[in-house]
Amino acid sequence: MSYAASHRSKESENISDTSSFITVKDLYKTFHTPEEKVEVLKGINLTVSKGDIFGIIGFSGAGKSTLIRCLNRMEIADSGVIRIGEHQIQDLPKKELNLYRQKIGMIFQHFNLFDSRTVFQNVAYPLEIAGYSKKEIKHRVESMLELVELGDKINSYPGQLSGGQKQRVGIARALANQPDVLLSDEATSALDPQTTLSVLDLLKDINRKLGLTILLITHELDVIKYTCNTMAVLEKGLIVEKGPVRDIFFNPTSETAKLFVKINANFSAKQWVFEGEAI
Amino acid sequence: MNLHNRGGFEVIKSAFGPEVWAIVAPAILDTLYMTVLTMIFTLVLGLFLGIVLMVTAEEGLQPRPLFNKALGAVVNVLRSLPSMILIILTLPLSRLFIGKAYGPEACIFALVVSCVPMFARLVESSILEVSKGKIEAAKAMGTPNIPLITKVLIPEALPSLIRAYTIAVIAIISVTALAGSFGAGGLGDVAVRFGYSRFKTDILIAAVLVLVILVQVVQFIGDGLSKYITKKRFLI
Ligand SMILES: Nc1ncnc2c1ncn2[C@@H]1O[C@H](COP(=O)(O)OP(=O)(O)OP(=O)(O)O)[C@@H](O)[C@H]1O
Ligand SMILES: [Mg+2]
């Protein structure tokens, strides 16, 4: 391990002591299929501080989706501790789990909007589930749609929207109930580069305005460079590197991180930037 | 009147004549009465049974594999019996429950037993078509099972459910006609009693014509409604 890497990991442990908002400790998950056992997460340790935009990168099959799905217990981990805010989420009984999930927003690669509902009704959905009054719902939905700049599409159906617009609705829906955390599973992977930029801008904007903690997973380094402050590299169920994005980008130590940087340098046609300064 | 004693044209003309319709018209009412009642029962019970099958399946919202297998087996047995056999089997049950084994009411029991399992399976497969992603999203937003069914699964599957119900209603019409000859009355009864046993081809033609029109109308309404909803959602 290089000096930079050891220095980095010390730094991130310090963060965990002071202001860690999401803590994942020794998380294991194995899938049992009739043919074989697939060890997907093999002891994940992670801390995310409040208000951070934290990116997790990894190749296909590394276990990114499984990890993020463990955070809202869509997937039940075999062992380990997951703490978000005050909640120790692997211990929550089912009723409380639903209440807790109402406070965790999630957005998806394929948006997963309800085709039977208009844009308004989609954003209203989590509020209906949480039991808000009609008046409150109307007020909240309208302000959410203003935030994602879709006020003019309020009565459209998802079938009438472009991919970027659908993801904006997805974001509005995820944020309607004022969650503490937003989980993003490849939210821009189905979008063209320009739309990707506008969605990422929206996420950064929301992070700044609402102080929302965002955890996003992706297989594109560009997405992390553009959006995140801190990142972790996931390789075959293990976090092999974590720290500030700039450090890892300019001085990768793990094989996977090096490969991502190399691929990024060779293939990135998109001239993306670190907050305004060209690379 | 039939083709042995009259020409084809005359038989057809007579099929639209007042004497024939004096017999057929009341039968239409009987058939509609049985069909509509069976439709209501099938909708409610079939929807419920289909949802129970879906929910309790191994990959369902509330897995109860043993119960699911048992229920599935009952449904499969009922589906594998020809409607005629089911009618014969259930008539004694009708006597037990409603005190008589003839007439429209008695047959409705048989009709429901023979149509509910079919519609339940169609409901099950319609709801299974709802994409996993949408269910994931709903669960990730903390949706308990009941609202998941009423607010997500049924509305999302609605066009497909309507098509399934259309198929079920057409089956109900056809089984109702069949039940006619077991004392239920209606168009099937008229067609068999007059058209078949007494060689009144004109009555047979009139009864068949009405059945064909009924089925066409149902198909037209079902297709139209399903298409209307799909279009409204901009999915086609
Ligand atoms: N329900 C499951 N049953 C069995 N194996 C599973 C299941 N879910 C995921 N896996 C396996 O776990 C591994 C990791 O899957 P995961 O979806 O977490 O990867 P990922 O990093 O998100 O990949 P991608 O970038 O392709 O989305 C894969 O090998 C996958 O086949
Ligand atoms: Mg994935």
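Buried means a relative accessible area under 20%, and in this predicted model D189(B), at 15% relative accessibility, therefore counts as buried.

View 1. The side chains of R193(B) and D189(B) form a salt bridge in which the closest N and O atoms are 3.0 Å apart. Both residues belong to helix α8 (residues 187-196) of chain B, where they stand 4 residues apart and are thus separated by about one helical turn. D189(B) is buried at 15% relative accessibility, whereas R193(B), at 39%, counts as partly exposed.

View 2. D115(A) forms a salt bridge with K134(B), with the closest N and O atoms 2.8 Å apart. Because D115(A) lies in the loop between β6 (104-108) and α4 (119-130) of chain A, and K134(B) in helix α6 (residues 132-140) of chain B, the pair joins two chains. K134(B) is buried, with a relative accessible area of 14%.

**View 3. The salt bridge between E75(A) and R69(A).** The closest N and O atoms of this salt bridge are 3.0 Å apart. E75(A) is buried, with a relative accessible area of 15%, and R69(A) counts as buried at 16% relative accessibility.

**View 4. A nonpolar patch on the surface of chain B.** The patch is formed by I12(B), F16(B), I205(B), L209(B), I213(B), V217(B), F220(B) and I221(B), which together have about 760 Å² of accessible area. Helix α9 (residues 201-232) of chain B gives the most to this patch, with 6 residues. F16(B), found in the loop between α1 (8-15) and α2 (18-56) of chain B, counts as exposed at 52% relative accessibility.

Definitions and conventions. Residues numbered from 1 in each chain as written. Chains lettered and ligands numbered in written order. Predicted model: local features only at pLDDT ≥ 70, side-chain atom pairs only at ≥ 80, totals over all residues. Heavy atoms only, no water. Patch = residues over 30% accessible without salt bridge, like charges linked within 9 Å, V, L, I, M, F, W, Y side chains within 5 Å. Areas by Shrake-Rupley, 256 points an atom, 1.4 Å probe, with all protein chains shown as cover. Salt bridge = Lys/Arg side-chain N within 4 Å of Asp/Glu carboxyl O. Buried < 20%, exposed > 50% of the residue type's maximum accessible area, 1.4 Å probe, protein only.
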